[in-house]
Amino acid sequence: MKNYILLTPGPLTTSESVRKAMMLDWCTWDKDYNEGIVTPIRNELLAIAGLDPDLYTTVLLQGSGTYSVEATLGATVKETDKLLILANGAYGDRMGEIARYYKLDHIIVSLPETEPVTGQVATEALAAHPGVTHLAMVHCETTTGILNSIEEVSRVVKGTGITFMVDAMSSFGGIPIDVNGLGIDFLVSSANKCIQGVPGFGFIIARREKLLACKGVARSLSLDIYDQWDAMEKGNGKWRFTSPTHVIRAFYQALQELREEGGVEGRYKRYSRNQRILVEGMRSLGYTTLLPDEFQSPIITSFLYPSESFCFQELYEHLKQQQFVIYPGKISGADTFRIGNIGDVYPGDMEELIDAMPSCRHE
Ligand SMILES: *Cc1c(COP(=O)(O)O)cnc(C)c1O
């Protein structure tokens, strides 16, 4: 069976070398694994974010990305705290759902899915809801592909003492983020997005001082990021419970490949080129993007159904026969489908996709 080219929001197409890195078995309490693989991964995550290890640290956590988002909210927002979530899509809404499960004192400001989260949105929400101690938002809202302005929101949050949490699941590693400069306290991402690993764990980049304050706050043992961190620190990279060893070894390889590509900047350039080829090609075939270019991320793009009679499943099957897997839309206001351009995919793949794409012009 030939491998698909996954043009989805993750899991993504990975390189053969990343997949091959999973061919060996590892012992979770041996130092070859903990000191040789896990610790270098933790250090490299800080290095690619340009962070000082005295100020920031990392926690790796089993599960998909949502587990790490939930763990972060559940271990940071105390009973006496108040959480503000600025949402404009499914992943922002999911943080609201987590807050409900945990019965956190929270407010969710839900914008239409085509409107970006901006500094003004943050300013107005904070003015309307005094007493906020934590602010959470999504960087690239993968629901539509919209890029929210963490820079603008950061200017509003900075100096207020509010803990700033960013779901950068689908952007970290693919879009440069000045974590310390933006005053981000907790940044959450996962193995199988822009770092191009395989799925199985998430990670949290945390301001040390804020993570230390999480001791004893978590309501879940498995998702206690303080405890997980403490065990990793004391055990030189030892996980509390079974570690996804093969996934971790693949991630180690993926980080090396990120470095070889020129780091986050290099990857950002490739993703941007991929996305430009995609959008220019789709427009030349008569398709329209959901978002204006100014709000669009270089990660995933939503396209409107070209007509009433358009059948997504037909397009899906047609492209799948040529190895390309695209994704349905998931917004309420418009009929859309999505095409991602992250993962081990290159401008040439995007050109081939455009060649395989049927025109929707009525000639
Ligand atoms: C992928 C993604 C997640 C996590 O999704 P999982 O299915 O739990 O891995 C969270 N937020 C955003 C913005 C994402 O793109």
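**Exercise 1.** List the residues in contact with Met 165 in this predicted model, leaving aside neighbours within four places in sequence.

*Solution.* Start with the position: Met 165 lies in strand 8, residues 163–167. Apart from the excluded neighbours, Met 165 is in contact with Thr 72, Leu 73, Thr 76, His 134, Leu 135, Ala 136, Met 137 and Phe 186. Next, take one of these partners, Met 137. The C-alpha atoms of Met 165 and Met 137 lie 6.6 Å apart, with a sequence separation of 28 residues.

**Exercise 2.** Decide whether Met 165 is buried or exposed.

*Solution.* The relative accessibility of Met 165 is 5%. The cut-off for buried is under 20%. Met 165 therefore counts as buried.

**Exercise 3.** Starting from Met 137, identify the residue opposite it in strand 3 and describe how the two strands pair.

*Solution.* Met 137 belongs to strand 5 and stands opposite Leu 86. Strand 5 spans residues 134–138 and pairs with strand 3 in the parallel sense, over four bridges.

**Exercise 4.** Determine how strand 3 is covered on each of its faces.

*Solution.* Strand 3 covers residues 83–87, and five of its five residues are buried. Sort them by side: Leu 83, Ile 85 and Ala 87 are on one, Leu 84 and Leu 86 on the other. Both faces are covered.

Methods. Residues are numbered from 1 along each chain as its sequence is written. This is a predicted model: local features need pLDDT of at least 70, side-chain atom pairs count only at pLDDT 80 or more; totals for chains, interfaces and linings use all residues. Side-chain values use heavy atoms; hydrogens and water are left out. Buried means under 20% relative accessible area, exposed over 50%, partly exposed in between (1.4 Å probe, protein chains only). Two strands pair if DSSP finds at least two bridges between them. Contact means heavy atoms within 4.5 Å.
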